[in-house]
Every structure is written in structure tokens, then in C-alpha cells.
Amino acid sequence: MTTPPALLIAGHGTRDEAGAEAFRAFVRELGRRHPELPVAGGFIELSPPPLGEAVAELVERGVRRFAAVPLMLVSAGHAKGDIPAALSREKERHPGVSYTYGRPLGPHPALLRVLERRLAEAVDPAWDPAEVTVLLVGRGSTDPDANAEVFKAARLLWEGRGYAAVETAFVSLAEPDVPGGLERCARLGARRVVVLPYFLFTGILPDRVRQQTEEWAAAHPETEVRSADVIGPEPELLDLVWERYEEAVEGDLRMNCDSCVYRIALPGFEDKVGLPQQPHFHPDDDGDHHHGHHHGHGHAHSHAH
């Protein structure tokens, strides 16, 4: 029987140690759940271990094939470019190693169920959902396609759940920001707002969302505002990562490239079409330190359908 490919989890990285440890604990739990194959995880930037170290760990364990799954909610620059470029670099470092690359996680129905639970934990049980407006706050990106995916998640969360509305905001790089999103909710007549962070784990940015929410709420006592928690290492998330692994192994990849800024000329982003993708330089990576060293050209992520 053929040995199944190992599982490599690729994370973004955070300056928040609790958030980084949440990722590492999540990888360990995946390994416990699937003792039949090697499981490792690493970060693109900001926190150890770097992705290259995770690949080296797998190679040392005798792995020749692996499937990489980006532990990210939306397909932005990291999932589209940085991780594929980093994996290409690792293939050069470890001749004979092959890999497949999976899809980002959201917006999957399983994650929407977790978001729904987070909302239920944050609201007063006596509140009528029809009187509650949700503000879903994403990370934010310079990639319009990634920002649009957060809006898609918001719409899917609204469908059939009875909330007055699900509005969208971003904590960095994109408008509206958190105060702007709350202001929009108030202008639409919202009296009760739950701010829901669209993040997997705790970290600097989710903390910033909560802080900005509290500051806005203190200045607007006429609106009742509550903060929900991040998604967290829920069973649904563990199951979804395994689903993405199986897709990658079986070749059932369905990445949507219809509005990808690297393929399609979008207004104001025309210069990104066909741009070569470069790996991040991770300060803890002791390999080739030539930032931007990448032999591939053009669009780096998979277009298998």
C-alpha cells in the first residue's frame, strides 16, 4: 500500500505568543488525530518555526511527498503567492521531495456554524436576532479578491439566520475600518451590534478589533455593542483542515481564480497581473537568505479545477 503524503500546515505568523502557540497546539492536535502520517506546521513570517524548518523536519522523518494546507480564511497574497513561492524554494533545497498545495479554509459551512456559536455566546439570550446587527471584521488586504471573500462570508452568515444585517469591516489595509463599520451600522439604525472577528486564533489584530470596538462603544452609549470571540481550535476547524488535505491529495482542487488580481486586470491593480510571486524572508530560517530568490515566473498558485 502506498504511504499517504505527510501534512504540512502553513500559517501566517503573529507577534502574539499566545496566538503562535495556539497554532502550534493545533498542529500537535492534528498529529494526535492522524497518527498514520507525519504532521508538521510552520509560519511564513513573524513567529517560529519558519515553514522551511517544518519541511526540513518532515524530510528528516523520511517524508518524500506532502500536502500543504494554508491555515488561512481567505486567499490573499500569502495563500496565492508567498506560500507557493516558499514551497518552491523548499523543493529546491530538498531534491526529490514533491508536494501538492491545498485551498484556504473559508467561507466553509462548518466555519459559519462556529461563527454562529460565537455570536450566540456574545448576545443576550433574550435578544431577538431580528434586532441584532453583526459586524464581521476581517484582517484586510491590498488584494480586492481577498476583501471580497470576507463580504461573501458575511452574506453567507446572514442567510437564513434571522439577523437584521451582517455588515463587514477590516482591521487593516482596507476600508471600512472598525470604527467606520460601527458607524455604518449605527446610521442604518442598529441599536444592538455584535462585533465578530473573522480570525482563526487570538493575536495582535483580534485584540485591536476588540480595543477599537470598546473605544467606539464608550463614545456611543446609545448603541449596545458586544464583542464575540475568534473561531479558535474547534473540532470543525480540525475536520476542515483534514478535508482540505484530502482534496489536495486527491487532486480535487477548486481554487476560484475568476477575480484574482494576479490573473485579471482589476481597476487600480493592473500592475499586478502576471507578477512573479516571491517567498517571504523568515528571520528564523537558516537556509538561503536571498530575499526574493525564486525561479518560477508568473502566477504561482494552482489553477487545477
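The mean pLDDT of the protein is 87, with 85% of its residues at 70 or more. Residues 288-305 stay under 50, and for them the model has 45 contacts beyond four places in sequence. Where pLDDT is low, the predicted coordinates should not be read in detail.

Next comes the sheet. An open sheet is built from 4 strands in the order β6-β5-β7-β8, with parallel pairing. Its edges are β6 (165-170) and β8 (224-227); each has a single partner strand, so one side of each is left without a neighbour in the sheet. From one strand to the next, the twist averages 25 degrees. Strand β7, residues 192-197, runs parallel to β8 and is joined to it by 4 bridges. Within this pair, Val194 stands opposite Arg226 in β8.

Helix α4 (residues 109-122) lies across β5 (133-138), β7 and β8, and runs at about 135 degrees to β7. Helix α6 (residues 178-187) packs on the sheet and touches β5, β6, β7 and β8. The direction of α6 makes about 160 degrees with that of β5.

At least two lining residues come from each of the helices α1 (17-33), α3 (77-93), α5 (144-158) and α7 (204-219). By type, the lining divides into 21 nonpolar, 15 polar and 7 charged residues.

Definitions and conventions: Residues numbered from 1 in each chain as written. Predicted model: local features only at pLDDT ≥ 70, side-chain atom pairs only at ≥ 80, totals over all residues. Heavy atoms only, no water. Nonpolar A, V, L, I, M, F, W, Y, C, P; charged D, E, K, R; others polar. pLDDT = per-residue confidence, 0-100. Contact = heavy atoms within 4.5 Å. Pairing = 2+ DSSP bridges. Axes fitted to C-alpha atoms, helices over the stretch in contact; angles between N-to-C directions.
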